[in-house]
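Thanks for coming, everyone. Please bring up the model on your screens, and we will walk through it together.

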Amino acid sequence: MALLDASNLHAAYGQTRVLHGISFSMEEGTITTLLGANGAGKTTTLRALCGMVRTEGAISFGGQRIDGRATEDIVRLGIAHVPDGRGTFVNLSTEENLRLGAYTRKDRAGVEADLERMYAYFPRLRERRAQQAGTLSGGEQQMLAVSRALMLRPKLMLLDEPSFGLAPLIVKELFGILRTVNEKERVSMLVVEQNAAMALDLADHAYLIETGRVVLSGTAADIKKNDAVRRSYLGY
Amino acid sequence: MTRRNLALSAALILAACVLPFVLSEYRIFQFTLVLVYAIALLGLNILTGFNGQISLGHGAFYAIGAYCAAILMDKYGVPYWATIPVAGAVCLGAGFLFGLPALRLEGLYLALATFALGVSLPQLLKYHHLEEFTGGVQGITIIKPDAPAFFTELGLPLNQDQWLYFFTLGVTLVMFILGANLLRGRIGRAMMAIRDNHVAAEAMGVNNAMVKSLTFGISAMYTGVAGALSAIAIQFVAPDSFNIFLSITFLVGIVIGGLASISGAIYGALFIQFVPNIADEISKAAPWAIFGLFLIGFVYLMPAGVAGAVRMAVARLRRKRQNS
Amino acid sequence: MDALLHQVLAGLATGGIYASVALALVMIYQATHLVNFAQGEMAMFSTYIAWSLINAGMPYWAAFFLTVAFSFVLGVLIERVVIRPVENSPVLAVVVVFIALLVILNSVTGWIYTYTIKTFPSPFPEQPLFGNPYMSSHEIGAIFVTLVVLMLLYAFFRFTPLGLAMRAAAQNPESSRLVGIRVGWMLALGWGLAAAVGSVAGMMVAPIVFLDPNMMGGVLLYAFAAALVGGIDNPAGAVFGGFLVGVLENVLGAFVIGNELKLAVALVLIIGVLIVKPSGFFGKVHVSRV
C-alpha cells in the first residue's frame, strides 16, 4: 500500500483552475520530486495535499482519505509541510519556532531529545537559538524550516523549493542532511523543485508537471537520462 | 430617471403632502422627524455608503447644526428659515476640516477616531466656558415658528406643526435632489471609485485627498441641516441628547435602510423613528436591544439593507414578467 | 506639590484600570487586527454578574474568580458565535457587529438590572494604608491587582506552550496551521482572556465610579487612547499607555482644563496619535504594499 496516493486532483484559486487532474503516488521511505517550471502547479499540489486549497479528487495517506480535511488535522496524521517562503515565525525566537514544530506532540522527553538532534544536524541554529528568527540568513531560515518540520517526527515531509535563494554549497549541505534523515529515520519526502539537477540527485522518483498535469514520471535515474528533460530542465 | 421612477416619486411626494391633513398633530411631528432623519441619514450614507469612510460620530455634526439654529434664533433673533443655510455652511466647513486630518485614517482607525468624537461630545457641549452660548446642561429652548400669514389669506390655514412639516419637506426635497445629482455625477463616481479601490482611483487620476475631504464636508453639511431642522421641530437642544447613541442610531439607520442607496435613507429614517416608539412599550431598554439585534441580523442576512431587498424584489418581479 | 502628587497617584490607580482594558484591546487586535468596540460593555456586564453573585451572599473573592471564569467563557462564546461569521467581511460589517454587541450588552444589562446606580464593594479596607493621605487602599489595591494580572498574562504568553501557540496564531495563522495549531480556537481563547482581563478592570473601577450600565463608556475611550499611545499591537506599550493616560487625565483635569473636559483629553490623544504617529510609542510601523 502506497504511503501517499493522489488521484485526479483538480484545484482552483477562485476562478483560475491550476490543477487539471494530477495523479501520483509515493512509497514509504522514498524521496520523490515534483519538477516543473514556474506556474506549473507544483506548489498548488503541495497545498492541496495539506488541505490549504479547495481540491476535487482523492488523496489517501497511509490508507486514509485526507482530502477535504482541515490542515491542522492532516498535520496530526504525520505530514509536515515546509512551505514556499519558509513560513518562519519571524517575531519568535529560533527555539520557539522549533518548539512550535512539536506543538501537537505529547511526549516531552522525546521533544527535548529531538530538539538536541536538530541542533546536532544544524549547529548554526544552536548558536542562534535565542535570536529572533526573522534576523536569520536565508540559508539558516531554511534549515530552521526543515528542522521545525522534523520536530513533528513526521512520516511524510513536503518541501516546497528548499533550494530557493540559497548558495549551491548550502543546498548541497541541506540535501545531504535530508538524505541522512530519510535513510536513518525513514522519513518519506516529497520535494518540489525548480532546480532539477540537484533534485534528481536527491530523489528516488520524479514526476514532471506542466500546466497542472503530470506529463512524465519514472525513477530519478531514468528521468535524468530523458532527452526532453535534459534539454528543457537540465540545460544540456 | 426612468419614467416609472419619476411617477413613483411624484406619487410619493403627493402622498407626503396629503399626510399633514389627515394625521394628528403628534403624528405630523413624528413624520417631520422622519424627514429630518432622512436628510441626516443621506448625509451619513454619502460618507460611509458611497465613499467608504466609516463615521461613528456623526451625531457631532447634527449637534453643531442644531446648536447653530438654536443659538441664532435664541440669541440673535435670526428667523428660523435663515438658520438652515447657516447651519449647513458651518457644518460644511467643520466637516471639511475634520476630513483633512481624517485622510490619514483608514477604516477601523477612522471609526475609532469618530467614536471618540461621539463619546466626548456631550462633555464638550457642557463645557462651562461655552455656557454663555450653549446654555450648559439645561440647553436652549426656542419658540416654534408660525406658518406664514399668506396661507390663511389663501383660505388654507396651516397650524404650526403642519407648516413645519411642509417646510421640512421642502428642504428634504431640495437636499435629496441635490444629493442625487451629486452622486450620479463625476464627484459621485469618484467617491465610489475611492470606496472600491482607493489605490486604483488615485492611479486613474482622482484626487483622493480633495474628494474625501469634500465628501466629509458635504456629509456633515447634510447632517448639520438635519440637526438645525430638528432643533426647530423639537424646540429644544441639550447636550445629553447628542451622545454616542445618537451617532449609533444614525449607523443603524443606514445599515437597515441600505448603504449606498438614496431611498435607503427614507427606509432607515422610518425605522429609527418608529421602532423605538413601539419598542418602548415593552421596556426602556428594549429599543436598543432591538436595534442591536437588527444590526447583527442585517449584517448577516441582508447586507444591502431594505433598499437592497426592495431592489432585488423588483428585479425578480420584472424577470418573472419578462419570462411569462 | 502635594496636590500634584495626589493627582499623579490617583492617575496611576485609574491608569492601571485603563491599562487592563487597553491590554484586552491589544490582545484582540494582535490576533485579528480588529478593535473590539464592545470591550467596555463586556467588562460592564461581567461586573454586574459579580454584583449579582455578591448580592446573593457569595464572599467577594469567590464571586471575583467565578466572574473571571464566566467572563472567559463569555468571551469565547462571543468570538465563536458572533464574530466568526464576519471574520473575513469588510471592515464596515465588522464594526457594525461590534457596535451591535455594544448596544445589546448595554441594553440587556439595563433591562435586567435597571438603570439605577448601584454600589459595588471593594475588597480592600476603608482606611488608607498606613494612614497615608495620598491614596485610598482601594486605589493601591487596584494597581496591585492590575500588576498581578499583567504578570500572569506575561508569564502565560512567554512560558507556556499554549501561550506560544496563541502568539504564533496571531502572527502567522498559515504557518500555525502547518504545525497543527487550531487557529480558530486560539482566536476564541484570545477573546476569552481579553474578556477575563476586562472583567477584572470592571470590578476594580466599579467601586470608584459606581455601577451603572454606562460606566465603562469613558473608560473605554481612555483605554483606546492608551492602546494607541503605546502602540496598538504592543501589550507592554498598552500598559505603559494606560498609566500615562491615567496620569495625564488627572493632572490635566485638575490643573489645566478642568474636570469637565477630561474626556476631551482622550479624544485629543486619540486623534493626535492617529495623525502624528499611528504606531504609537512602541508599536510597529506598518507599510502596506500597493
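Let's take chain B and its contacts. Count those with a separation of 6 or more: 78% of them join residues 24 or more positions apart. This is a predicted model, so keep that in mind throughout. Chain B carries 15 helices and two strands. Its C-alpha trace spans about 55 × 50 × 40 Å along the principal axes.

Now chain C. Its secondary structure is eleven helices and zero strands. Read from the N terminus, the elements run α-α-α-α-α-α-α-α-α-α-α. Its radius of gyration is 19 Å, close to the 19 Å from the globule rule for 290 residues, so chain C is as compact as a globular protein of that length. Along the principal axes, its C-alpha atoms fill a box of roughly 60 × 45 × 35 Å. Of its 290 residues, 56% count as buried. Here, residues 24 or more positions apart give 75% of the contacts with a separation of 6 or more.

Next, how the chains meet. Which pair of touching chains has the most contacts? There are two such pairs, and chains B and C come out ahead. Chains A and B do not touch at all; their nearest C-alpha atoms are 19 Å apart.

Start with the B and C interface. On one side are 35 residues of chain C, on the other 39 residues of chain B. On the chain C side, α4 (91-113), α9 (216-230) and α11 (262-276) each supply at least two residues. The largest share, 15 residues, comes from α4(C). What about composition? That side of chain C has 30 nonpolar residues, four polar and one charged.

Then the A and C interface. The contact takes 15 residues from chain C and 16 from chain A. On chain C, the elements that give two or more residues are α6 (161-171) and α7 (173-178). Helix α6(C) gives the largest share, six residues. This side of chain C divides into seven nonpolar, four polar and four charged residues.

On to the core. As a general point, nonpolar side chains in soluble globular proteins tend to be buried together. In this model, the largest nonpolar core has 291 residues. The residues with the most contacts inside it are B:Ala116 and C:Ile270. Helix α8(C) gives the largest share of this core, 17 residues. In chain A, domain 1 (1-78 + 154-165 + 186-236) and domain 2 (87-153) both give residues to the core, so it lies between them.

Zoom in on B:Ala116. What does B:Ala116 contact, leaving aside neighbours within four places in sequence? The list is C:Leu221, C:Phe224, C:Ala266, C:Leu267, C:Ile270 and C:Ile271.

Now one helix in detail: α2(C), residues 39-55. It has 17 residues, and at 1.5 Å a residue these should span 24 Å. The end C-alpha atoms are 24 Å apart, which agrees. Why call α2(C) largely enclosed by the rest of the structure? Twelve of its 17 residues are buried. The buried stretch includes C:Gln39, C:Gly40, C:Glu41 and C:Met42. C:Ala50 and C:Trp51 are also among the buried residues. The cover over these buried residues includes α1 (2-32), α3 (60-83), α4, α8 (183-209) and α9 of chain C. After α2(C) comes C:Gly57, with a positive phi near 110 degrees.

Last stop, C:Ser199. This residue sits in helix α8 of chain C. Buried or exposed? C:Ser199 has 29 C-beta neighbours inside 10 Å, so it counts as buried. Setting aside residues up to four places away in sequence, C:Ser199 touches C:Ala43, C:Ser46, C:Thr47, C:Thr67, C:Val68 and C:Ser71. One distance to check on your screens: the C-alpha atoms of C:Ser199 and C:Ala62 are separated by 14 Å, and the two residues are 137 apart along the chain.

That's the tour. Over to you for discussion.

Key. Residues are numbered from 1 along each chain as its sequence is written. Chains are lettered from A and ligands numbered from 1 in the order in which they are written. This is a predicted model: local features need pLDDT of at least 70, side-chain atom pairs count only at pLDDT 80 or more; totals for chains, interfaces and linings use all residues. Two residues are in contact if their C-beta atoms, placed from the backbone, lie within 7 Å. Helices (H or I, at least four residues) and strands (E, at least two) are DSSP runs, numbered from the N terminus. Ala, Val, Leu, Ile, Met, Phe, Trp, Tyr, Cys and Pro count as nonpolar, Asp, Glu, Lys and Arg as charged, and the others, Gly among them, as polar. The expected span of a helix is 1.5 Å times one less than its number of residues. A residue is buried if 20 or more other C-beta atoms lie within 10 Å of its own, exposed if 12 or fewer, and partly exposed in between; C-beta atoms are placed from the backbone. A nonpolar core is a set of buried Ala, Val, Leu, Ile, Met, Phe, Trp, Tyr and Cys residues joined through C-beta atoms within 7 Å. Domain bounds come from an automatic or database domain assignment. The radius of gyration is taken over C-alpha atoms; the globule rule is 2.2 Å times the number of residues to the power 0.38.
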